[in-house]
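Subject: Handover of a structure and the findings from it

Dear colleague,

I am handing over to you the structure shown below.

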Amino acid sequence: MNQALAPLLEVRALSRRFAGRKIFDQVSFTLARGEIVSLVGPSGCGKSTLLRALAGLDHDTQGSVLFEREPLREPSPRVGMIFQEPRLLPWLSVADNIAFAAGPRAGDDPRVAALLAEVGLAGVHDALPKQLSGGMAQRVALARGLFTEPDLLLLDEPFSAVDALTRARLQQLLLTLKQARGTTVLLVTHDLDEALALSDRVLLLSPAGTDGPSRIARELPITLQRPRNPRDASLDALRDVLLTM
Ligand SMILES: Nc1ncnc2c1ncn2[C@@H]1O[C@H](COP(=O)(O)OP(=O)(O)OP(=O)(O)O)[C@@H](O)[C@H]1O
Ligand SMILES: [Mg+2]
């Protein structure tokens, strides 16, 4: 197969146990280059665990993760991860946090100023994380995730801790950055409207519980052009499908 047409990421038959209890099982999907895919599912079904496995941060997950057809077993600069909380190091400046992948005091790297401008934070280069609002800190985390110019960005509920207006702006920022860079995005979200507004496809995980481990219960393509009107009738129909699962 032509390399350009091969999936960027292939996830094959992943399963994960904690203390003998299987959380998810036989999770398989692919991500095409440039796609935005959302992963939704009830709390505790293993979304964060799955994302950590895809970032090479968990060595106890069974199955395989292929990045450009090569097994991905360790964290890679080509795969960026953005956590639910910004997780900035409080003793480092914003700039040093963003450039942390290049060393603990690499904030003078010229890419930092460009990234700060890209996420709309040009003035806070030397600020400390405690001086930022929640939405600003989340934008710094986004800039840090982009610093290594990853091909794949994994986001774990990145906008859940900010107000609705900031969330809408951050969603727009993600789309703009994705458009400019061609980054492939896998987004974990609790918010169906966020998934419907942003994604090319939604993967719905079933609950993990007494009925057994979580699996991919449904895969929904969303072909509606962006920018999308959240009140578009075709999104209503997709929302109904997700809610009745
Ligand atoms: N290190 C761990 N040790 C034991 N159990 C764990 C560990 N990490 C996660 N779990 C369990 O695995 C399950 C899935 O957790 P995970 O955080 O991946 O869920 P989630 O889908 O991200 O949930 P949420 O939507 O609430 O963030 C939960 O039952 C959780 O208690
Ligand atoms: Mg989680």
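Across which strands does helix α7 lie? Helix α7, formed by residues 233-243, lies across β9 and β10, and its direction is at about 175° to that of β10. Please note that this is a predicted model.

The annotated span

The UniProt record, an unreviewed entry, lists residues 9-232 as "domain: ABC transporter".

The six-stranded sheet

An open sheet is built from six strands with mixed pairing, in the order β6-β7-β8-β3-β9-β10. Its edges are β6 (79-82) and β10 (216-221); each has a single partner strand, so one side of each is left without a neighbour in the sheet. From one strand to the next, the twist averages 15°.

Within this sheet, β7 (residues 152-156) and β8 (residues 184-188) are parallel and share five bridges. One of the pairs is L152, whose bridge partner in β8 is T184. Helix α1 packs on this sheet and touches β3 (36-40), β6, β7, β8 and β9 (201-205), with its direction at about 155° to that of β7.

Strand β9 deserves a separate paragraph. β3 and β9 run parallel and are joined by four bridges, and S38 has V202 as its bridge partner in β9. On the other pairing, β9 and β10 run antiparallel and are joined by five bridges, with L203 opposite E219 in β10. Five of the five residues of β9 are buried. R201, L203 and L205 point one way from the strand, while V202 and L204 point the other way. In general, side chains in a regular strand alternate between the two faces of the sheet.

The four-stranded sheet

A further open sheet consists of four strands in the order β2-β1-β4-β5, with antiparallel pairing. The strands at its edges are β2 (21-31) and β5 (70-71), each of which pairs on one side only. Helix α1 packs on this sheet too, where it touches β1, β2 and β4, and its direction makes about 125° with that of β1. Seven bridges hold the antiparallel pair of β1 (residues 9-18) and β2. R16 is found opposite F24 in β2.

Where is D58 found? The residue sits in the loop between α1 (47-54) and β4 (62-67). Is D58 buried or exposed? D58 has a relative accessible area of 14%, which is under the 20% limit, and therefore counts as buried. Its side chain makes polar contacts with the side chains of R16, at 2.8 Å, and of T61, at 2.6 Å. Leaving aside residues up to four places away in sequence, D58 touches R16, T49, R52 and A53.

The ligand

How many residues surround ligand 1? There are 13, and the closest are S43, G44, K47, S48 and T49. Polar side-chain atoms of several residues are found by oxygen atoms of ligand 1: the distance is 3.0 Å for R21, 2.9 Å for S48 and 3.1 Å for H190. T49, one of the closest residues to the ligand, is also among the residues that D58 touches.

Yours sincerely

Methods
Residues numbered from 1 in each chain as written. Chains lettered and ligands numbered in written order. Predicted model: local features only at pLDDT ≥ 70, side-chain atom pairs only at ≥ 80, totals over all residues. Heavy atoms only, no water. UniProt positions renumbered as here; feature names shortened; annotations may be inferred. Helix = DSSP H or I, 4+ residues; strand = E, 2+ residues; numbered from the N terminus. Buried < 20%, exposed > 50% of the residue type's maximum accessible area, 1.4 Å probe, protein only. Polar contact = N/O pair within 3.5 Å; in protein donor to acceptor, adjacent residues only side chain to side chain. Contact = heavy atoms within 4.5 Å. Pairing = 2+ DSSP bridges. Axes fitted to C-alpha atoms, helices over the stretch in contact; angles between N-to-C directions. Near = heavy atom within 4 Å.
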